[in-house]
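Here is a short note to read beside the model. Keep the sequence and the 3D view open as you go through the points.

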Amino acid sequence: MFIKLIINLIGFFYLSEYNVQDIKTIRERLGMSRKELSILLGVSKKTVDAWERGVNIPSGTAKRLMQLINDDSEFVVDRLTHHELSDTKKDREAVRM
């Protein structure tokens, strides 16, 4: 039990690196545009564009969120969008624009 806890903690504190293909794959698996992913992560669309072109890589909080999304995308996206966006279809459509 203790060893399992240590392994989970190490996995939590270690931040994965995300390359161009990783970011694009995660975004496409979520069925999101670059704009939608930027809103979800709290970064600009230009930042996501730069990640997907290989100009920059995610760091800090964005890197942690990418890791959490990659580990359990359904839960994380549900929790983030539940608190960030209204449940109305109109508001969801406004985000897609």
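1. Start with the contacts. In the protein chain, residues 24 or more positions apart account for 64% of the contacts with a separation of 6 or more. A contact here means heavy atoms within 4.5 Å.

2. A word on the source. This is a predicted model, where local features need pLDDT of at least 70, side-chain atom pairs count only at pLDDT 80 or more, and totals for chains, interfaces and linings use all residues. Residues are numbered from 1 along each chain as its sequence is written, and side-chain values use heavy atoms, with hydrogens and water left out.

3. Next, the overall fold. The protein chain has seven helices and zero strands. Its pattern along the sequence reads α-α-α-α-α-α-α. Helices (H or I, at least four residues) and strands (E, at least two) are DSSP runs, numbered from the N terminus.

4. Now the surface. The protein chain has 97 residues, and 28% of them count as buried. Buried means under 20% relative accessible area, exposed over 50%, and partly exposed in between (1.4 Å probe, protein chains only). The chain exposes about 6900 Å², with carbon and sulfur atoms supplying 58% of that area. Accessible areas come from the Shrake-Rupley method with a 1.4 Å probe; for residues, only the protein chains shown count as cover.

5. Look at helix 3, residues 34–41, which holds Ser 38. Why does Ser 38 count as buried? Ser 38 counts as buried because its relative accessibility is 1%. Beyond its neighbours within four places in sequence, Ser 38 is in contact with Val 43, Ser 44, Lys 45 and Val 48.

6. Glu 36 also lies in helix 3. Its relative accessibility is 10%, so Glu 36 counts as buried. The C-alpha atoms of Glu 36 and Val 48 are 9.8 Å apart, and the two residues are twelve residues apart along the chain.

7. Move on to helix 4, residues 45–53, where Glu 52 sits. Is Glu 52 buried or exposed? Glu 52 counts as buried because its relative accessibility is 8%. Leaving out residues up to four places away in sequence, Glu 52 touches Val 20, Ile 23, Lys 24, Arg 27 and Arg 34.

8. Finish with helix 6, residues 73–84, which contains Glu 74. With 68% relative accessibility, Glu 74 counts as exposed.
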